[in-house]
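Please open the model in your viewer and keep the selection panel at hand.

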Amino acid sequence: MMKKRLVLICAVILSVVIAGCNDEESIKEEVIQHNWNESPLFESVGITMIGEEGRLGFLHDNNEVVRFYPNKVQKYMWHFWGNEDELIGDFKVLGTHENSDEEIIIVPKRGNTFLSPNNGANQHFPTNMELPKSGVWKLDAYIGEEIFGSVYVKVYKK
């Protein structure tokens, strides 16, 4: 009788733990799904950018000319705010589509070729970017091995 109670108690505890893990996992997935909003536009010395004001962004005012469309290569000027130590290293951008967890290379790793201050930012870097399909993309900008920040953009249907 004691052995059956012990087995029953263990089964109940295990069920609660498994249910708790599933709920926690569902909450994490829900949070990830709800954070896929396009980054805000902001101005720096009268120039409109998309990204995180005071940290990173690139020239973008969401007009027809600069909007992202699938497989359309366009030039985008990235801008960075930070101290000198943060702005040293190779630059690259990895992208993730809202319906996938696969990262793809958007801007290949390039040597430390940051240019001078520009448009109110401490450094800037010109890139060509192309995103393969419509939807929201998270663009993770890396300087060296560290992620510097992320910008969420919408790719419109053709």
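Contact here means heavy atoms within 4.5 Å. This is a predicted model, in which local features need pLDDT of at least 70 and side-chain atom pairs count only at pLDDT 80 or more, while totals for chains, interfaces and linings use all residues. Residues are numbered from 1 along each chain as its sequence is written, and side-chain values use heavy atoms, with hydrogens and water left out.

Helices (H or I, at least four residues) and strands (E, at least two) are DSSP runs, numbered from the N terminus.

Next, select Gly 135, which is in strand 8 (residues 135-143). Beyond its neighbours within four places in sequence, Gly 135 is in contact with His 97, Glu 98, Val 153, Lys 154 and Val 155. Gly 135 counts as buried, at 17% relative accessibility; buried means under 20% relative accessible area, exposed over 50%, and partly exposed in between (1.4 Å probe, protein chains only).

Then display the salt bridges, each a side-chain nitrogen of Lys or Arg within 4 Å of a carboxyl oxygen of Asp or Glu. Which residues are linked in a network of salt bridges? Select Asp 90, Lys 109 and Glu 145. Asp 90 pairs with Lys 109 at 3.7 Å between the closest N and O atoms. Lys 109 also forms a salt bridge with Glu 145, at 4.0 Å. Lys 109 lies in strand 6 and Glu 145 in the loop between strand 8 and strand 9 (146-155), so this pair ties together parts 36 residues apart in sequence. Glu 145 is exposed, at 62%.
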